[in-house]
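Keep the sequence and the 3D view open while reading.

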Amino acid sequence: MDVETNTGGPPKYVMLSENGGDGGVRPPPYRCNIPRYHSTAQPYKKKENYCLKCICCFYCFLFILIFGLSAFVFYVYALYQPKMPTYKVDHIGIGAFDLQADFSLYTEFDVTVRAENPNERITIFYAPESSIAITYSDSTLCTGKIPTFKQGHQNVTFMDIVLKGKSEFGSAPIVIEMGALPLKQVTFLVNCSLVIDSLTPKKQVKILSTTYHGAIELS
């Protein structure tokens with residue numbers, strides 16, 4: 001029988017012993033977990049989170065801004081409680097109502113207008129370009145200038161206005177001041193329809209009925 005002897009070098013094979021005998025090599029532990037490596041770099045996720053935070057901050061700021069403006073407007077309205085001024089023709093007199101040789105009509109009216117500012121905290125300034133006109137069947141008979149003045153809180157003022165000749169229909173631009181806060185200029189357009197008993201010059205005219213329509217125009 002031939003016997004192979006190991007004269008040097010590692011053996012061709014090694015017997016593994018479960019019980020770890022002499023010279024045996026213990027096998028690796030059962031179910032040994034292989035270490036796992038996770039990458040900590042998440043560039044896309046961080047970028048998405050940053051954009052989402054920016055959008056949320058923008059909408060929060062927008063909501064706060066709208067809420068603040070709404071609260072301010074409500075506070076101003078509740079504090080000043082603005083009301084439309086009222087106007088009424090108190091008296092009208094005819095100085096001239098003459099048909100000229102060229103078939104043109106010369107008219108002259110004396111009108112007294114009652115202007116009332118019902119507001120407790122709002123002052124009204126009548127601008128120099130404020131005017132009044134008398135029209136008939138969409139034709140302007142005569143015009144006149146409203147005096148420039150400042151009408152205080154809860155004030156009633158009677159304006160005596162002389163209207164002569166012909167011109168385009170005018171309007172009454174005024175400036176409103178809330179307390180010590182002046183606002184932009186607005187224009188009150190007031191249309192007063194009158195029915196009178198006579199157009200005879202130098203005769204007292206009686207107003208039979210009146211109809212008023214008003215509107216505001218922002219300039």
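The model is predicted, and local features need pLDDT of at least 70, side-chain atom pairs count only at pLDDT 80 or more, while totals for chains, interfaces and linings use all residues. Residues are numbered from 1 along each chain as its sequence is written, and side-chain values use heavy atoms, with hydrogens and water left out.

The secondary structure of the chain comes to 1 helix and 10 strands. Here helices (H or I, at least four residues) and strands (E, at least two) are DSSP runs, numbered from the N terminus. Read along the sequence, the pattern is α-β-β-β-β-β-β-β-β-β-β. Of the 219 residues of the chain, 24% count as buried. Buried means under 20% relative accessible area, exposed means over 50%, and partly exposed lies in between (1.4 Å probe, protein chains only).

On the surface, Ile55, Phe58, Tyr59, Phe61, Leu62, Leu65, Ile66 and Leu69 form a nonpolar patch, with about 830 Å² of accessible area together. Patches are made of residues with over 30% relative accessible area and no salt bridge, where like charges are joined within 9 Å and nonpolar side chains (Val, Leu, Ile, Met, Phe, Trp, Tyr) within 5 Å. The areas come from the Shrake-Rupley method with a 1.4 Å probe, and for residues only the protein chains shown count as cover. Leu69, one of the patch residues, is placed in helix 1.

How many aromatic pairs does a search of the whole structure find? The search finds 4. Rings of Phe, Tyr and Trp (its six-membered ring) pair if their centres lie within 6.5 Å; planes under 30 degrees apart count as stacked, over 60 as edge-to-face and the rest as tilted. Phe58 and Tyr59 make an edge-to-face pair, at 5.6 Å centre to centre and with 75° between the planes. Tyr59 is exposed, with a relative accessible area of 53%. The pair of Phe63 and Phe67 is stacked, because the ring centres are 6.4 Å apart and the planes are at 20°. Both residues lie in helix 1, 4 residues apart, about one turn of the helix. Phe63 counts as exposed at 59% relative accessibility, and Phe67 counts as exposed at 56%. Elsewhere, ring pairs link Tyr87, Tyr126 and Phe149 into a cluster.

Now turn to the strands. Strand 3 (residues 122-126) is mostly covered, with 4 of its 5 residues buried. Strand 3 and strand 6 run antiparallel and are joined by 2 bridges; two strands pair if DSSP finds at least two bridges between them. Ile124 has Gln151, in strand 6, as its bridge partner. Strand 4 (residues 131-136) and strand 5 (residues 139-145) also pair in the antiparallel sense, over 6 bridges. Ser131 has Lys145 of strand 5 as its bridge partner. These two strands form a hairpin with 2 residues between them, and Ser137 in the turn has a positive phi of about 55°.

Most residues other than glycine have a negative phi. Gln81 has a positive phi, near 45°, and is found in the loop between helix 1 (43-80) and strand 1 (86-99). Gln81 is partly exposed, at 49% relative accessibility. Phi of Gln154 is likewise positive and near 45°. Gln154 sits in the loop between strand 6 (150-151) and strand 7 (155-164), and counts as exposed at 54% relative accessibility.

Another loop residue is Ser130, between strand 3 and strand 4. Is Ser130 buried or exposed? At 0% relative accessibility, Ser130 counts as buried. Ser130 and Phe188 are 58 residues apart along the chain, and their C-alpha atoms are separated by 9.5 Å.

The whole structure holds 1 salt bridge, meaning a side-chain nitrogen of Lys or Arg within 4 Å of a carboxyl oxygen of Asp or Glu. Arg114 forms a salt bridge with Glu116, with the closest N and O atoms 3.3 Å apart. Arg114 is partly exposed at 27%, and Glu116 is partly exposed at 27% relative accessibility.
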